[in-house]
Amino acid sequence: MMHRLIQIMMALLLCVGFTGCYDDFDDPAPAKVWNDGDFAGSKLISIRDFKQLFYDEYGSGASALGKTLEITDDYVIKGKVLSSDQAGNVYKSVYIYDGTAAIELKLMVSNYVYYQVGQTLYVKTKGLAIGNYRFMLSVGNMPTEKDIEKGYANRNIETQVERDQHIFAGELGKLSEDDYFVVTPDNYKNVLTDDLLGCLIRFEGLQYKKGYFDGDRYPQYLETVYENNSTTATYTNKYYEEEGLEETYAYNDGNDRYYGSSLFTYTPDNESSKQSNFIVRVSGYANFALRRLPENGKTGNITAIYTKYSSRTGGYIKYQLLINKFDDIEFDEAPALGE
């Protein structure tokens, strides 16, 4: 009889336990909002000083390309989120800014679900690596030998387990005027330096230009083909006019989705000035890939992440603008295809 009573009591306890679990599932506790106090045992360092760790080791010239700096000290960086991959143009990256500098976090896809523009993120960097890819510094996992062979100096933090070990979401917020820079035809020579790489910049008074810059012709798209099931791609520059296509920010046709590049400038008559000419590079997966480009010579504004790209050896430098969403391109442009 006593044994039977114990069995009944255990069953009741299990039911209560399961009920509690289901209640928690239906009404989960709010996610923790991290703050500076949670990292009192670590060294909170500015993004500028964090990037300087790399520059102190390797410098900032072409010899630093492809180099990796493993972080072995318990450094924590924090910053506001500047980027969003919701429109499909930013890929596996989150850019953060702390008032001193900005840096790219190499993460997973659909980051906008977890991290909102204006939200503060904390990054525990011990065990991660600062990598230099074509002059852009980023934070990610240590690279593999194959990564290094391909010129990649770190790799994405791909799994949620790894992400939860290193990335901690702080308070939500909005970007203010203190979180981005404004560049105009009058001040760009003084404002634009490589210290602003990764930062969000509003470029006012840019002119759209069809034609040539630094040996390249714009607009164009980059056809990417993996022949005979090869893992190595073959790249071919294609030009909309020659292909009989509308000139759009990128190429998108069924399963064919290729990066497009277009030229915007402060010096339309001077094609040799690298820091006054900007390439807007857009993914074929972006939801604005098929928006028509502005008419040649039109002037407008673009808000974008400021980036830099070069050949693997450091030549052929271009400054590129990474667009979060189509509304950040303020031009009187033609309507979308089909409209």
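Y259 sits in the loop that joins β17 (256-258) to β18 (260-265); strands here are DSSP runs (E, at least two residues), numbered from the N terminus. The model is a predicted one, in which local features need pLDDT of at least 70 and side-chain atom pairs count only at pLDDT 80 or more, while totals for chains, interfaces and linings use all residues. Residues are numbered from 1 along each chain as its sequence is written, and side-chain values use heavy atoms, leaving out hydrogens and water.

With a relative accessibility of 30%, Y259 counts as partly exposed, because this class lies between buried (under 20% relative accessible area) and exposed (over 50%), with a 1.4 Å probe and protein chains only.

F278 touches, among others, L192, F203 and L206, not counting residues up to four places away in sequence; contact means heavy atoms within 4.5 Å.

The whole structure holds 25 aromatic pairs, that is, rings of Phe, Tyr and Trp (its six-membered ring) with centres within 6.5 Å, called stacked under 30 degrees between planes, edge-to-face over 60 and tilted for the rest. Y221 and Y258 form a stacked pair, at 6.2 Å centre to centre and 5° between the planes. Both Y221 and Y258 are buried.

Definitions and conventions. Helix = DSSP H or I, 4+ residues; strand = E, 2+ residues; numbered from the N terminus.
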